[in-house]
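The following exercises concern the structure shown below. Each sets a task and then works through a solution step by step.

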Amino acid sequence: MAATKSGRLPGRHRRPAERQATYGEVIALGEFRALWIGQGLSLLGDQLSRVALSVLVFEGTQSALATASVYALTYLPPIIGGPLLAGLADRYPRRRIMIICDVLRAVMVALMAIPGTHFLALCVLVFCVVLLSAPFSAARAALLPELLEGDRYVAGSALQNMTNQGAQMLGFAVGGALIMGMGPYRALALDAATFMASALIIVSGVRRRRAPIRSDTGRPSMWTMTRTGAKLVFGDRRLRTLVLFAWLCGFYVLPEGIATPYAARLTDDPGQISFVAGLLMGAMPTGTVVGAFLFSRYVPPSKRLRAMGWMAMLTCAPLILCVMRPPLAAVLILWFISGIGGAYQLAANAAFVQCVPAEQRGQAFGLVQSGLLASQGVGILIGGAAANPLGPELVVAMAGAAGLVSAAALAVLWRGSRREVIEKVRAEATS
């Protein structure tokens, strides 16, 4: 059979090219802009306050465990109330949930900013602030697919992810220098202002919508919704694997929790510890910004899902080299490369949306987010406890090795269950 001038045999057809959404498309949507800007503001304040708390505790105790324990307080509350409170995002209008959570968090952080606040009261307020992040994050994550369809959702998620990581990078890297000048209490006051600004932006920029579960059909109890959501998420092999991919971050976020004691091993100048800690904390977010841009901009939708396992392994593998005790510049490069691999979360998030019914997204996203924060908090707490006897370099390397093994196992599981999701994503991208 003769070939055509183009070199293809007659009757052979290429698959239709997969259309990739652009960032300009999603930024043009006013409601998305409101969510995007509001979230970026509040995250910038959060990272600044985390550096303030971390440095304050380490300077007072010189203990890696105490530092990691306070840092872990920003992750652990979802273990207790996250799965239950996340269901609010399906019971009530999601816009209203986000506004109420932002206002309450602004008030609580403002109380933390009062000089002389007792340490125990400070810990309770931190716990409550993070607890309220569960219904807020669930409502925002469930609302986003309503605003963005098809690959626009991936582009919007990538843009939010890059902004979030950029806020972390800026908050961590600049936070140490700012706190030396403004003090920890003013940093907390600034965090409170960002929460209030986020609430005002959502009020003006996001339109009202009805609750996903209509009141005339009867609202199930929160316990019933929690059980139903858990059964949905963990009863499906695809969703279960995707959730475990998300929770893998418990391994590779651990270095951030012990960045301050790690910094103390990298510099002999006590006055530079906060600055070096900020650089370390900002290295991974910087890599994630770069990875998210490249992954969403240049990799077609279906290929993202195929590359997910390899990217997850890339996130953990560089950390193993920290066992060699490299200098600061090399550590920053290793953590930056680890952050690039973290872009796989974009594909996992998009696949998760494909598999979850719209009316249950709030509960499903809430369960995932709660477990994600919990895995990070537990990992940081364990890392802090181990860093004192073993040293931070060895602890980071051990976390990388354990994460690499887990990522490889998940990659094998995903390979056996990804076909249906890939076909659905390809169909949307070519329609």
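## Exercise 1: The nonpolar cores

Solution. The model is a predicted one. Step two places Leu280 in the largest nonpolar core, which has 93 residues. Leu280, Met308, Trp335, Tyr344, Phe352 and Trp414 are the members that touch the most other members of this core. Helix α15, residues 273-298, gives the most to this core, with nine residues. Step three notes a second, separate core of 12 residues, with Val109, Met112, Val126 and Val130 among them.

## Exercise 2: The chain as a whole

Task: state how many helices and strands the protein chain has, and what share of its residues is buried.

Solution. For secondary structure, the protein chain has 21 helices and zero strands. For burial, 55% of the 431 residues in the protein chain are buried. For the surface, the protein chain exposes about 18400 Å², and carbon and sulfur atoms supply 65% of that area. For contacts, the set to consider is those between residues at least 6 apart in sequence; of these, 86% join residues at least 24 apart.

## Exercise 3: A network of salt bridges

Task: determine which residues are linked with Glu31 in a network of salt bridges, and work through the pairs that involve Glu31 and Arg209.

Solution. In general, side chains of opposite charge can pair when their charged atoms come close. The rule applied to this model gives a count of eight salt bridges. The network links Glu31, Arg94, Glu146, Arg207 and Arg209.

1. Begin with Arg207 and Glu31, whose closest N and O atoms are 4.0 Å apart in their salt bridge. This pair links distant parts of the chain: Arg207 is in the loop between α9 and α10 (222-235), while Glu31 is in helix α2 (residues 30-61), 176 residues apart. Glu31 counts as buried because its relative accessible area is 19%, whereas Arg207, at 51%, is exposed.
2. Continue with Arg209, whose side chain meets that of Glu31 in a salt bridge at 2.9 Å, N to O. Here too distant parts of the chain are linked, with Arg209 in the loop between α9 and α10 and Glu31 in helix α2, 178 residues apart. Arg209 is partly exposed, since its relative accessible area is 21%.
3. Finish with Glu146, which forms a salt bridge with Arg209; the closest N and O atoms are 3.7 Å apart. Glu146 belongs to helix α7 (residues 119-147) and Arg209 to the loop between α9 and α10, so that this pair links distant parts of the chain, 63 residues apart. Glu146 has 40% relative accessibility and therefore counts as partly exposed.

## Exercise 4: A nonpolar surface patch

Task: find which element gives the most residues to the nonpolar patch on the surface.

Solution. The members of the patch are Val103, Val107, Leu111, Ile114, Met196 and Leu200, with about 490 Å² of accessible area together. Two elements give two or more residues each: α6 (94-112) and α9 (184-205). Of the elements, α6 gives the most, with three residues. Met196 lies in helix α9 and is partly exposed, its relative accessible area being 34%.

## Exercise 5: Helix α20 and Arg325

Solution. The buried residues of α20 include Pro392, Glu393, Gly400, Gly403, Leu410 and Trp414. Arg325 is found in the loop between α16 (301-316) and α17 (328-341). With 47% relative accessibility, Arg325 counts as partly exposed.

Conventions
Residues numbered from 1 in each chain as written. Predicted model: local features only at pLDDT ≥ 70, side-chain atom pairs only at ≥ 80, totals over all residues. Heavy atoms only, no water. Patch = residues over 30% accessible without salt bridge, like charges linked within 9 Å, V, L, I, M, F, W, Y side chains within 5 Å. Areas by Shrake-Rupley, 256 points an atom, 1.4 Å probe, with all protein chains shown as cover. Helix = DSSP H or I, 4+ residues; strand = E, 2+ residues; numbered from the N terminus. Buried < 20%, exposed > 50% of the residue type's maximum accessible area, 1.4 Å probe, protein only. Contact = heavy atoms within 4.5 Å. Core = buried A, V, L, I, M, F, W, Y, C linked by side-chain atoms within 4.5 Å.
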